[in-house]
Amino acid sequence: MALSLPTERLAGRPFDPPAELRERPALSRLRYPDGHTGWLVTSHALVREVLADPRFSVRPELRHLPVPGAPGGSRPAPPGVFHVMDAPEHTRYRRLLAGQFTVRRMRLLAGHIKDLTTEYLDVLDKHGGPVDLVRTWAQPIPAQVICELLGVPYAERARFQEHALDLFRLDLSAEQQAAAYAAVHGFIAELVAAKRAAPADDLLSGLTGSDLTDEELVNIGFVLLGAGLDTTANMLALGAFALLHHPDQRAALCADPGRAVEELLRYLSAIPFTVRTALEDLDLNGERIAAGETVTVSIPAANRDPGRFADLDVLDLLRPAAGHVAFGHGIHQCLGQQLARVELQVALPALATRFPALRLAVPAENVRVRTDNLIYGVHELPVEWEV
């Protein structure tokens, strides 16, 4: 019998995947809201197997999504929207973009992230609590990093950030969302034209020397914005929430931010799932997957697989958590994962060090989590501290 994808989390356990996922076998039938019957994968090994298998496609016109109201895919990906393309189209874009995520650029951005973090913590210090950490810290830092990456002029960054953050708000009407989309799309189009005319030392400028069209460049900019803003913002907010819930872990965070961030990525898994569609009949874990059937892989379940991680429900920032699939696996593994790591490794220890007495301003059970969104996180994170 096919069951629906569990999304509800247990009261008082906001960091744990839905309990029903624990009861599902490694591969089981899944009923999709549009009536499609496909599959759910929950084991770490099978998730990696599916994500690495070229017989499974990411193309949006083939897929079904496992949550009600999620945007479906009825058309092929537009030019430049490389994250939902298969090889060889995906390979072409990935190769061009990989050359822009250089060690030098990441180092330059690391210094910028440190300065940004200090700037926003200064604002928090002057403001005093209580304050929403999502709006004042978790969202603006990655938004400004994206501005730096894309080469948005300083004078335009406030306007760009305002419209970009509106793309991910859940309290806007469809008309307001459309207006935000049009504003950001138009802004990036203007930015591409400016980089064509006067290239600088940024990612978009670096791509103008390729054979990419303006349409491709605009869409690439939009993909990078979506991938680098909302996911990182939610990981920052969730990471802060988890550390407030586990204050004994702060010392480990500051002692070894690199290891600590890997464990937070495993433990929190802000991306609840990703989907693939079988391009041909194939066998998986003893079951026959028919061509055209969608397979949903559960990232949180894979990262809490007892066959891969010991004491899987314990947040242990000293744990060697290498091998998690928070950034995916295979050729579509997150292109900007190193940048996301730098943001988390800089911003979270800085917050813990600057505000050692930071605490929630509301009971933990009153923090509203985002189970109604394609990326897990919190709507707000009210905090306060001793002056």
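The legends below describe close-up views of one predicted model.

Residues are numbered from 1 along each chain as its sequence is written, and side-chain values use heavy atoms, with hydrogens and water left out. Because the model is predicted, local features need pLDDT of at least 70, side-chain atom pairs count only at pLDDT 80 or more, and totals for chains, interfaces and linings use all residues.

**View 1. The whole chain.** The secondary structure comes to 14 helices and 10 strands. Helices (H or I, at least four residues) and strands (E, at least two) are DSSP runs, numbered from the N terminus. The radius of gyration is 21 Å, close to the 21 Å that the globule rule gives for 387 residues, so the chain is as compact as a globular protein of that length. That radius is taken over C-alpha atoms, and the rule is 2.2 Å times the number of residues to the power 0.38. Along its principal axes, the C-alpha trace spans about 60 × 50 × 40 Å. Of the 387 residues, 53% count as buried. Buried means under 20% relative accessible area, exposed means over 50%, and partly exposed lies in between (1.4 Å probe, protein chains only). Among contacts between residues at least 6 apart in sequence, 70% join residues at least 24 apart. Contact means heavy atoms within 4.5 Å.

**View 2. The open sheet.** Five strands form this sheet in the order β1-β2-β8-β5-β3, with mixed pairing. β1 (27-31) and β3 (56-57) stand at the edges; each has a single partner strand, so one side of each is left without a neighbour in the sheet. Helix α2 (residues 44-52) packs on the sheet and touches β1, β2, β3, β5 (273-278) and β8. The direction of α2 makes about 135° with that of β8. Axes are lines fitted to C-alpha atoms, for helices over the stretch in contact, and angles run from 0 to 180 degrees between N-to-C directions.

**View 3. Strand β8 and its partners.** Strands of a sheet pair through backbone hydrogen bonds, either parallel or antiparallel. Here two strands pair if DSSP finds at least two bridges between them. β2 (residues 37-41) and β8 (residues 294-298) run parallel, joined by 3 bridges. L40 stands opposite T296, and V41 has V297 as its bridge partner. β5 and β8 run antiparallel, with 5 bridges. On that side, R276 stands opposite V295. Of the 5 residues of β8, 5 are buried. T294, T296 and S298 point one way from the strand, while V295 and V297 point the other way.

**View 4. The nonpolar cores.** A nonpolar core is a set of buried Ala, Val, Leu, Ile, Met, Phe, Trp, Tyr and Cys residues joined through side-chain atoms within 4.5 Å. The largest has 94 residues, and L133, W137, F160, L348 and L381 touch the most other members. Helix α10 (residues 214-245) gives the most to this core, with 17 residues. Not counting residues up to four places away in sequence, L348 touches W137, L236, G239, A240, L243, L253 and L264. A second, separate core of 17 residues includes L27, A278, L284 and V297.

**View 5. R304 in its loop.** R304 sits in the loop between α13 (299-303) and α14 (337-354). R304 is buried, with a relative accessible area of 3%. Its side chain reaches the backbone oxygen of F15 at 2.8 Å. The backbone oxygen of Y267 lies 2.9 Å from a polar atom of the R304 side chain. Leaving aside neighbours within four places in sequence, R304 also has contacts including D16, P17, R22, R266, L312 and D313. R304 and H44 are 260 residues apart in sequence but 8.2 Å apart in space, C-alpha to C-alpha.

**View 6. H112 on helix α4.** H112 lies in helix α4 (residues 103-127). At 15% relative accessibility, H112 counts as buried. Beyond neighbours within four places in sequence, H112 is in contact with Q144, E148 and R157.

**View 7. Backbone exceptions.** Most residues other than glycine have a negative phi, and most peptide bonds are trans. A cis peptide bond joins A87 and P88, with omega about 10°. P88 is found in the loop between β3 and α3 (89-98). S269 has a positive phi, near 45°. S269 lies in the loop between α12 (257-268) and β5, and is buried at 2% relative accessible area. N285 also has a positive phi, near 50°. Its loop runs between β6 (282-284) and β7 (287-289).

How values were computed:
A polar contact is a pair of N or O atoms within 3.5 Å; within protein, one must be able to donate a hydrogen and the other to accept it, and residues adjacent in sequence count only if both atoms are side-chain atoms.
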